Amino acid sequence: MSSRYGLAKATLFTFFASALASIGFFIVSTMEFSRIKSEQRDLLIDMTNSFVAVYADNRHPDTAVPATFRRQGVEHFSDTLASNESAISSVRLPGVPGLEISVKEADQRLADKIAAMARSDAPVSLEEHQFEDGRFIARTMSPSIANSEGCVSCHNDILGAEIYEIGDVMGAFVVESDLTNQTVKNLVYSLAVFVVTAFLITLFVMRERGRMSEVVEGLKARVLLEREKAEAEANAHFHARHDTLTKLSNRAVFMERIDRAMASGARDDMIIALIDLDDFKIVNDSMGHDAGDALLVALGARLAAIAEAAGGLAARLGGDEFALFCRASGGGARSEQSLERVILERASARVDHGGLDIRPSISVGLARFAAAATSEELLKAADAALYRAKELGKGRVQWFDASIRVRMERRAQLALALPDALAKGAVRAVFQPQVALDSGRLMGFEALARWEHEGEPVPPTEFVSIAEERGLVAELDLHVLRSALAFAAGATSDTALPVAISANLSAKTLLAPRLSAAILRMLAEARWDPRRLTLEITETRMIKNLDHAIAALRPLRERGVRISLDDFGTGFSSLSYLRHLPVDELKIDKSFVTGIEHDEESFAVLKGVLDLALGLGKSVVVEGIETARQLEMIRAFEVSVGQGFYIAKPLEAVEAAALTKTAQTRLIDPRPYEVDVAS
Ligand code: C2E
Ligand code: CA
Ligand code: CA
């Protein structure tokens with residue numbers, strides 16, 4: 001657009017400049033031509049005059065006219081007209097003794113005219129003669145033979161003296177100009193000037209335009225480059241400080257903001273909240289990752305709106321964990337309660353994703369600024385509260401308080417003591433029997449870790465999670481496994497009972513390098529048949545692709561080690577995913593057993609999970625059987641193995657070994673309808 005406009009301007013400029021140049025040329029050349037012509041004319045008149053004067057001085061009837069003068073005058077004038085030597089024609093003026101005038105004239109008609117005039121008796125006039133082809137000839141003086149009285153007196157009148165007599169040559173032709181021709185020539189030249197000027201200007205303009213456009217393009221490119229750089233920097237800055245998906249600030253920005261708020265002092269009514277989506281994995285697995293992303297984006301936007309209204313900041317700390325920093329306006333219990341309500345209500349409002357109805361459930365951990373001295377501490381406090389909220393059953397809000405502080409401090413203490421306990425072998429294994437549900441016979445044991453800290457037993461869930469957090473869990477798991485193999489090898493060497501051993505592996509342990517090799521070595525050292533070892537793995541959030549993690553155990557599985565999926569039913573993996581998972585056993589979580597004898601709905605849920613598990617064609621173990629009634633109800637299904645306090649509690653190694661000594665150990669009665677071969 002602008003370039004076309006520029007081209008039009010340049011063309012217009014070229015045209016006018018060239019026109020001006022050619023007009024200027026025309027005017028100057030015409031003026032110059034006139035000047036030269038008038039100079040020539042003056043010269044010719046002078047020459048003629050001197051010719052006449054000399055002739056007059058030498059005039060005598062007997063004296064011949066000097067030929068040079070005569071010739072010079074006429075030839076010179078004719079030259080100005082004739083451009084082509086070859087076209088010159090000579091005219092002899094007859095009838096006048098001693099007088100020869102040769103006329104060089106390209107134009108025969110003009111030559112004839114001159115000759116005619118030379119011969120003519122008519123008085124010479126100063127008139128102009130126009131020829132047909134447009135050439136314009138002016139005559140100021142005629143060479144004339146004074147052959148009549150009238151002619152002589154006429155010339156003498158003009159010259160103001162008595163100088164001519166009959167028979168004298170009185171003048172010469174002066175061909176003054178060929179104005180028309182010259183004008184046409186000048187016009188042609190002007191046109192040429194126009195064309196050449198236009199050409200030169202165009203060349204110049206094009207070169208300049210080329211140069212200018214190069215400069216402009218260079219400038220444009222630089223501007224573009226600068227802009228891109230600035231954008232990239234801005235982008236990088238944004239990405240360094242924001243989460244790409246939700247566009248919320250990231251952890252670093254959030255922490256900075258809290259640090260600033262803490263530094264500024266006013267902190268009575270300031271709080272932070274950690275918000276975690278409950279069972280986010282279910283959404284991802286059952287509705288797809290798009291739905292998961294949509295849920296995260298929606299939750300992010302809602303938290304951002306809450307933060308904006310309260311003059312705070314919302315951030316995404318990672319995964320499905322968000323944080324909020326704001327004022328509980330005015331402070332006090334009531335404003336805190338209303339904030340809790342706002343977060344819970346807004347965040348759990350339904351999200352529509354392409355017709356899919358997602359109903360998010362969130363757990364929230366809240367901490368007041370007063371609870372901590374630094375931003376790190378504050379985040380830890382909120383995190384501990386969130387952890388507690390999850391423990392207490394999700395979908396709820398929990399403030400950080402004194403009891404959580406005690407738990408936190410205890411956890412810190414345990415974390416400090418655990419490495420030492422592991423190194424000194426203070427962590428030991430106990431063994432919970434597993435029985436065949438039909439015959440009631442002992443099938444094997446699940447090894448479970450035990451630790452007493454300062455004389456007090458620490459729940460395994462607690463120290464296992466600490467071990468996971470501190471990167472100690474592989475060491476813990478392998479330690480328990482080694483103890484279990486040692487126990488099993490010793491306990492069963494002198495008995496015919498082929499018991500099996502199950503041991504737990506944290507999902508984090510699966511990430512340990514050379515895990516399979518280490519376990520194979522242990523098996524070899526204990527001389528334990530790999531087919532009598534089951535490794536229980538819980539599907540957790542820590543591992544995105546359980547199948548990849550389990551793949552690390554392939555060398556073990558190839559040698560016969562069985563893989564069991566622990567706490568089955570709580571991981572919410574999709575059916576197709578489960579079907580292709582390389583596991584041999586599914587262990588139904590004890591939460592599905594709780595309450596089945598009192599509550600039809602619970603039983604229906606257990607039935608659903610069992611149907612699913614059995615449908616997958618793997619062997620199924622039910623754990624957490626606490627009562628005879630539960631056992632009876634579970635026996636209605638094709639479940640092969642059971643485990644639970646009703647059958648046997650976890651036993652110390654000595655007790656467990658004693659149990660294996662009784663060759664035909666029955667921990668429960670066989671099924672009433674079972675034909676018992678042994679008894
Ligand atoms: P888990 O693997 O599901 O182990 C079964 C848990 O259920 C054991 O708890 C066991 O004592 C308990 N239990 C057995 N029968 C019943 C019953 O009838 N009713 C009830 N309410 N509970 C029953 P424990 O020993 O406290 O272990 C808890 C969890 O800690 C285990 O759950 C397992 O996830 C983890 N854990 C224990 N030892 C280890 C270990 O050596 N390595 C790893 N990674 N995790 C371990
Ligand atoms: Ca287990
Ligand atoms: Ca379990």
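Donors, in this talk, are N, O and S atoms within 2.8 Å of the metal, or 3.2 Å for Na, K and Ca, and water is not among the atoms, so sites may look incomplete. What you see is a predicted model, where local features need pLDDT of at least 70 and side-chain atom pairs count only at pLDDT 80 or more, while totals for chains, interfaces and linings use all residues. Residues are numbered from 1 along each chain as its sequence is written, chains are lettered from A and ligands numbered from 1 in the order in which they are written, and side-chain values use heavy atoms, with hydrogens and water left out.

Let's start with the calcium ion (ligand 2). Along the chain its donors follow the spacing E-x57-N-x31-E-x29-D. Those protein donors are Glu446 (OE), Asn504 (OD1), Glu536 (OE) and Asp566 (OD), and they lie 2.1 to 2.3 Å from the ion. Glutamate 446 sits in strand β11 (residues 442-453) and asparagine 504 in strand β13 (residues 500-505), so this pair ties together parts that are 58 residues apart in sequence.

Asparagine 504 is partly exposed at 24%. The cut-offs are under 20% relative accessible area for buried, over 50% for exposed, and partly exposed in between, using a 1.4 Å probe and protein chains only.

Now for the neighbour. Which residue coordinates both the calcium ion (ligand 2) and the calcium ion (ligand 3)? That is aspartate 566, and the two ions are 4.2 Å apart.

Lysine 587 forms a salt bridge with glutamate 446, with the closest N and O atoms 2.7 Å apart. Lysine 587 lies in strand β16 (residues 585-588) and glutamate 446 in strand β11, so the pair ties together parts that are 141 residues apart in sequence. Lysine 587 counts as buried, because its relative accessibility is 0%. For a salt bridge, the rule is a side-chain nitrogen of Lys or Arg within 4 Å of a carboxyl oxygen of Asp or Glu.

How many salt bridges does the structure hold? There are 29. One of them joins glutamate 336 to arginine 368, the closest N and O atoms being 2.8 Å apart. Glutamate 336 is in helix α9 (residues 332-348) and arginine 368 in strand β8 (residues 362-368), so parts 32 residues apart in sequence are tied together. Glutamate 336 counts as buried at 13% relative accessibility, whereas arginine 368 is partly exposed at 30%. Arg350, Asp352, Asp357 and Arg359 are linked in a network of salt bridges.

Just after α10, glycine 393 takes a positive phi of about 115°. Helix α8 (residues 289-309) has 21 residues and reaches 30 Å, close to the 30 Å expected. Just after α8 comes glycine 311, with a positive phi of about 65°.

Most residues other than glycine have a negative phi. Lysine 247, in the loop between α5 and α6 (251-263), has a positive phi of about 65° although it is not a glycine. Aspartate 279 is another such residue, with phi near 50°, and its place is in the loop between β3 (270-277) and α7 (280-287).

To finish, the whole protein. There are 20 helices and 18 strands, and buried residues make up 44% of the 679 residues.

Conventions:
Helices (H or I, at least four residues) and strands (E, at least two) are DSSP runs, numbered from the N terminus. The expected span of a helix is 1.5 Å times one less than its number of residues.
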